Amino acid sequence: MTVHNIALGYQRDWWPILMSGFMRNALIGGTIVAVAAGLIGYFVVVRHSAFAAHALAHIGLPGATGAVLLGVPVVVGLGVFCVGGALVIGLLGKRATDREVVTGTVLSMATGLGLFFNSLATKSSSTMTNVLFGNVLAISHEQLVSFATLLALLALSVGIIYRPLLFSSVNTPVAEAKRVPVRVLSTTFMALLGLTVTMAVQAVGTLLLFALVVTPAATAIMLTPRPVIAMVTSTAISLVAVWLGLGAAAMLNLPPSFLIVTIACAIWSIVWVSNHRRVAVQASEKSADASLATDSSAMPTPATSGS
Amino acid sequence: MSRCEPASSPALAFTDVSAVRAGRLIWSHANFTVPAGGVVAVIGPNGAGKTTLLHMVLGLIPAASGCLEVFGRRPGQANDTIGYVPQDYAASGGEAIRAVDAVLLGLTGRRWAFSRSTAAQRRQVSQALAVVEASGLADLRLSTLSGGQRQRIAIAAALVAQPELLILDEPLASLDLRSQHDIVELLGRLHAELGVTILMVAHDLNPLLPVLDSAIYLLDGQPRYATLDDVVDAALLTQLYGTPIQVMHPPNGKPYMRSAL
């Protein structure tokens, strides 16, 4: 019965749905978010800030529910909390060991606040679901304008700070010794991450954001150690996930966030398995070589003892 | 206070310098000059302020009092002419970057605005890799390299900007004997061929004795500078490390030191 329904949806409706206004907004918005995630995701992985990225997504929750309470646009609340939370984590958590605890503490406080605000305003429970799981199909024209502006700001900033940020991410003490402003770069990076999270939350939601910002970048880094190629690959993976996810959502009438995340995680799994298999094959070849070598060296011994 | 004695030639000139970290006086009354072109060890027990001294030379922390000049300039202003190899280089991570990119960042890492590296820069990088005999490692991820190989890459990244002074913090720490020997040999070659001044924090002097010519030693809260012959002295080393140390003079070999416990 269910299978029959899905098949019907696939055959008849998906192309007109994909061409409709809300789906066009979703495709454009998803594309902008994918490009932004590709730009910043590489640095999230290199700087070991995956937990911070995950936490920032949740820190947006009280921003969104609080905005509903105050009657201001949800995106404003999201932005204030995400960027504000990013700056707090950036300023308090200078060392990675401190950062984990600071991040976790800010995260739990924010989640609690989000729940509190939600209990005050009864009509915000749909906002809560939207923030938790995203609603890429509800992206408005105004949101697209704000997305495009944020992406332009992000691309410009990353373009300017690319080399010093990479230097200070890969080798902090040497960058510091070379007078690279390591602290300023770290804070700037967190603010940019906050902006990206503000956007991405609206597309895939806080609970699933990790799969769009961190997973494609981690996949790309497994595929290539070249920074620029990794950023391009990461963006490409995000784009594939968003486009195929939206297409499949139209065909199968399933939540787009679920499909986007599933595709991103599937690509990561395939690359992870093939990477580890390659390593295993290399290791077994090496040990085969080694045993061959010992065999050949052992060969003469019985021959000489025999003669 | 702001007037220092005119000094153009020495690598380091300390004039009554003291160091304070977290409100605590680490050392004081540093009064010596280190001539350019030497291979100098910084020695002393744990917590004596060896790394503090390096950081002061790099301009990362200010002198609490007195005047320090690095090649006649204030610390931090001469960093174009300094290559720095920190302790535990790329100890964590390094999976996202190739050795050649890590070295390239030593040359271009301070440049704002996105730009491609030039052919001349890439040539400099491959020269630096060749000098440390790590050309074959260029395309490998840092995370796949051994400790000794990483140390070579770290030295290449410091050399690529053609420094006059090379500062290394514990360059032999956590390396096996073979790698220690190779790195010491490399440092001796860099000094002989490139004429670079080398300043390095060290715990164990023995493996470094073939290349050292002098040392800054931190004794009783005061850094002093002396030639190697004066430093490799049983009484001084015993005082310095707070444990009896003998200096052995083999009939046809270099002197070495050992614990007399």
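**Chain A overall.** I started with burial: of the 307 residues in chain A, 48% count as buried. This is a predicted model, so I'm reading computed values throughout. I then looked up the secondary structure and got 15 helices and zero strands for chain A. I also checked how far the contacts reach along the chain. Among chain A contacts between residues at least 6 apart in sequence, 77% join residues at least 24 apart.

**The core.** Which residues touch the most other members of the largest nonpolar core? I got B:Phe14, B:Trp27, B:Ile153 and B:Ile155, out of 168 residues in that core. Helix α3 of chain A, residues 21–46, gives the most to this core, with 14 residues. For background, nonpolar side chains tend to be buried together in soluble globular proteins.

Leaving aside neighbours within four places in sequence, I found B:Ile155 in contact with B:Val85, B:Val132, B:Leu168, B:Ile183, B:Leu186, B:Leu187 and B:Leu190.

**α4(A) on α10(A).** Next I went to a helix pair within chain A. Helix α4 (residues 50–70) and helix α10 (residues 182–204) of chain A pack at an angle of about 50°, and their axes are 9 Å apart. I noted the pair as oblique because of that angle. The crossing is right-handed. On the α4(A) side I listed A:Ala52, A:Ala53, A:Leu56 and A:Ala57; they meet A:Met190, A:Leu193, A:Gly194, A:Val197 and A:Val201 of α10(A). Sorted by type, the residues of this contact are eight nonpolar, one polar and no charged.

**A:Val131.** I looked up this residue in helix α7 of chain A, residues 125–133. Buried or exposed? A:Val131 has a relative accessible area of 4%, so I put it down as buried. Not counting residues up to four places away in sequence, A:Val131 touches A:Leu61, A:Ala64, A:Val201, A:Gly205 and A:Thr206.

**α8(A) on α2(B).** Then a pair that joins the two chains. Helix α8 of chain A (residues 141–170) packs with helix α2 of chain B (residues 99–108) at about 120°, with axes 10 Å apart. These two helices are therefore oblique to each other, and their crossing is left-handed. I found A:Arg163, A:Leu166 and A:Phe167 of α8(A) making the contact with B:Leu104, B:Leu105, B:Gly106 and B:Thr108 of α2(B). This contact divides into four nonpolar, two polar and one charged.

**α1(B).** After α1(B) comes B:Gly59, with a positive phi near 80°.

Last, I looked for positive phi at residues other than glycine. B:Ala22 has a phi of about 50° and sits in the loop between β1 (12–21) and β2 (24–34) of chain B. I have B:Ala22 as exposed, at 86% relative accessible area. B:Gln162 has a phi of about 55°, in the loop between α4 (147–159) and β6 (165–169) of chain B. B:Gln162 counts as exposed too, at 59% relative accessibility.

Definitions and conventions. Residues numbered from 1 in each chain as written. Chains lettered and ligands numbered in written order. Predicted model: local features only at pLDDT ≥ 70, side-chain atom pairs only at ≥ 80, totals over all residues. Heavy atoms only, no water. Core = buried A, V, L, I, M, F, W, Y, C linked by side-chain atoms within 4.5 Å. Buried < 20%, exposed > 50% of the residue type's maximum accessible area, 1.4 Å probe, protein only. Helix = DSSP H or I, 4+ residues; strand = E, 2+ residues; numbered from the N terminus. Contact = heavy atoms within 4.5 Å. Axes fitted to C-alpha atoms, helices over the stretch in contact; angles between N-to-C directions. Parallel < 35°, antiparallel > 145°, perpendicular 65-115°, else oblique. Left-handed = near helix turned anticlockwise from the far one by under 90°. Nonpolar A, V, L, I, M, F, W, Y, C, P; charged D, E, K, R; others polar.
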